Amino acid sequence: WFFALAPMLQPSTEATIFLTAGGERISGEKVIISFERLPEALTKTSTGNGEVKVSVPVGKEITVRLGASENYTARVKNFSVERAGQEFEFPLLAIENTLSRTIMLLDSQGKVFEAPASVKFSCSANSSFNSTVASANGRILLNGIPKDCGYLQYELPQGLSSPDASLDPNN
C-alpha cells in the first residue's frame with residue numbers, strides 16, 4: 001500500500017517565476033500554471049516585484065502561460081523544476097498601444113514645404129492626445145498617436161493656411 005502511494009508523495013518545493021518585459025519586472029499580470037497530476041490549473045498574479053511563487057513537486061515540468069492581458073503577450077513556456085528554490089524568467093512582450101507616422105508637409109503646388117513650421121495635432125475620438133511638432137525639411141515625425149485616435153486632426157501655424165500647405169495622407 002505504501003508503494004502504491006509513493007509516486008504521489010513526491011517532495012515539493014517553491015519555484016519562483018519572474019515576469020519581465022524589456023529588462024523590467026512586471027507586476028499585476030495573471031499567469032496560468034499547470035503541471036501533470038494538478039487537478040486544475042493555478043491562476044496567480046505577479047507581485048509588485050514581478051514574481052509569482054508556486055509549490056511544485058520536484059522533478060515536474062510546469063507549463064506557464066499568460067492570462068488575459070491588455071498590455072502584454074507571451075508564448076507558453078515550460079520549465080523543469082529540478083531543485084528547491086529554483087527561479088525562472090517568463091518574458092512578456094509589450095503590446096503597442098500607440099502609432100507613429102511620418103507626415104510630409106506640402107506647399108500649394110504639392111511640393112515639399114521646406115520652411116520650418118510647427119503643426120498642432122489632436123484626435124477626433126481621443127481628447128487626451130494633443131501634440132505640437134516642428135517640421136524638418138518638410139517632414140514631421142509624429143509619435144504616440146493612440147490606436148483609438150479616430151481622425152488625426154491638425155492645425156497649421158498662424159500665417160500659414162490650408163491653401164498654402166497641407167498634409168500628405170499617404171505618408
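Trainee: How many bridges pair strand β3 with strand β6, and in which sense do they run?
Mentor: Bear in mind that this is a predicted model. Strand β3, residues 30–35, pairs with β6, residues 61–66, over five bridges in the antiparallel sense.

Trainee: Which residue in β6 is the bridge partner of F35?
Mentor: That's I62.

Trainee: OK, and what sheet are they part of?
Mentor: An open one of four strands, in the order β4-β3-β6-β8, with antiparallel pairing. β4 (42–45) and β8 (77–80) are the edge strands, each pairing on one side only. On average, neighbouring strands in this sheet are turned by 30 degrees against each other, ignoring direction.

Trainee: Switching over to β5: is it mostly covered or mostly open?
Mentor: Mostly covered: of the seven residues in β5 (51–57), five are buried.

Trainee: Which strand is joined to β5, and by how many bridges?
Mentor: β1, residues 12–21, is joined to β5 by seven bridges, and the two run antiparallel. Within that pairing, A15 has V54 in β5 as its bridge partner.

Trainee: New topic: how many aromatic pairs does the structure hold?
Mentor: One. F79 and F88 make a tilted pair, 4.7 Å centre to centre with 35 degrees between the planes.

Trainee: Why do you call F79 and F88 buried?
Mentor: Buried means under 20% relative accessible area. F79 counts as buried because its relative accessible area is 8%, and F88 does because its value is 10%.

Trainee: Last one: what sits over the ring of F18?
Mentor: The charged end of R25, 3.8 Å from the ring's centre.

Note on methods: Residues numbered from 1 in each chain as written. Predicted model: local features only at pLDDT ≥ 70, side-chain atom pairs only at ≥ 80, totals over all residues. Heavy atoms only, no water. Buried < 20%, exposed > 50% of the residue type's maximum accessible area, 1.4 Å probe, protein only. Pairing = 2+ DSSP bridges. Axes fitted to C-alpha atoms, helices over the stretch in contact; angles between N-to-C directions. Phe/Tyr/Trp six-rings, centres within 6.5 Å; stacked < 30°, edge-to-face > 60°. Lys NZ or Arg CZ within 6 Å of the ring centre and 35° of its normal.
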